[in-house]
Amino acid sequence: PLCACLAALARDLRTEAYPYFQSKLVPALLLLLESRDTEQLEEAFSCLAYLFKFLVKFIVEEFPETFALLLPALRHRQWFIRKFSAEVLSYLVRQLPTESLPDHVETILAAAALPDAAPGVCAS
């Protein structure tokens with residue numbers, strides 16, 4: 001229920017909610033990814049997806065910072081967390097301006113090639 005409330009607040013407050021997106025909301029939601037409760041995991045990812053949807057206009061302007069926040073989830077030891085994180089991130093990538101896309105894709109590929117990447121992080 002709290003995740004649904006966060007998503008609703010982000011939808012209603014957009015500009016006012018964004019300053020807390022990177023500093024409070026995303027880190028708190030990423031902590032929930034360590035749960036073994038499937039309902040809690042589903043709520044956390046749904047909330048992340050809705051936050052991205054409602055705040056996308058602001059997030060794409062600061063894509064590298066948001067990508068850096070999501071990198072631990074993209075390297076998570078559980079394959080399904082990596083998969084869902086990639087799906088959430090793919091929405092953002094599709095929203096990036098065309099002219100900045102090559103630079104951002106290069107950043108993503110460089111991060112995937114780092115030696116501390118989780119096994120299967122580049123697997124489809």
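Which residues does Ser 85 touch, not counting residues up to four places away in sequence? Ser 85 touches Phe 45, Ala 73 and Leu 74. Contact here means heavy atoms within 4.5 Å.

First, some ground rules. This is a predicted model, in which local features need pLDDT of at least 70, side-chain atom pairs count only at pLDDT 80 or more, and totals for chains, interfaces and linings use all residues. Residues are numbered from 1 along each chain as its sequence is written, and side-chain values use heavy atoms, with hydrogens and water left out.

Now the overall picture. The protein has six helices and zero strands, and along the sequence the pattern reads α-α-α-α-α-α. The radius of gyration is 14 Å, close to the 14 Å that the globule rule gives for 124 residues, so the protein is as compact as a globular protein of that length. As for terms, helices (H or I, at least four residues) and strands (E, at least two) are DSSP runs, numbered from the N terminus. The radius of gyration is taken over C-alpha atoms, and the globule rule is 2.2 Å times the number of residues to the power 0.38.

Along the principal axes, the C-alpha atoms fill a box of roughly 40 × 40 × 20 Å. Of the 124 residues, 37% count as buried. Buried means under 20% relative accessible area, exposed means over 50%, and partly exposed is in between (1.4 Å probe, protein chains only). Among contacts with a separation of 6 or more, 69% come from residues 24 or more positions apart.

Next, charge. There are 11 positive and 15 negative side chains, and the centres of the two sets lie 4 Å apart. Lys and Arg count as positive and Asp and Glu as negative, while His and the chain ends are not counted. Each charge is placed at NZ of Lys, CZ of Arg, CG of Asp or CD of Glu.

Back to Ser 85. This residue sits in helix 5, residues 79–95, and counts as buried because its relative accessibility is 3%. A polar atom of the Ser 85 side chain lies 2.7 Å from the backbone oxygen of Ile 81. That is a polar contact: a pair of N or O atoms within 3.5 Å, where within protein one must be able to donate a hydrogen and the other to accept it, and residues adjacent in sequence count only if both atoms are side-chain atoms.

Another such case is Arg 75, in the loop between helix 4 (63–74) and helix 5. Arg 75 is buried, at 16% relative accessible area, and its side chain reaches the backbone oxygen of Ala 111 at 2.5 Å.

What is Phe 58 in contact with, leaving aside its neighbours within four places in sequence? The contacts are Arg 14, Thr 15 and Tyr 18. Phe 58 belongs to helix 3 (residues 38–59) and is buried, with a relative accessible area of 16%. Arg 14 lies in the loop between helix 1 (2–13) and helix 2 (21–31). Its relative accessible area is 35%, so Arg 14 is partly exposed. Phi of Arg 14 is near 20°, a positive value in a residue other than glycine.

Last, Pro 97, in the loop between helix 5 and helix 6 (101–112). Pro 97 is partly exposed, at 33% relative accessibility.
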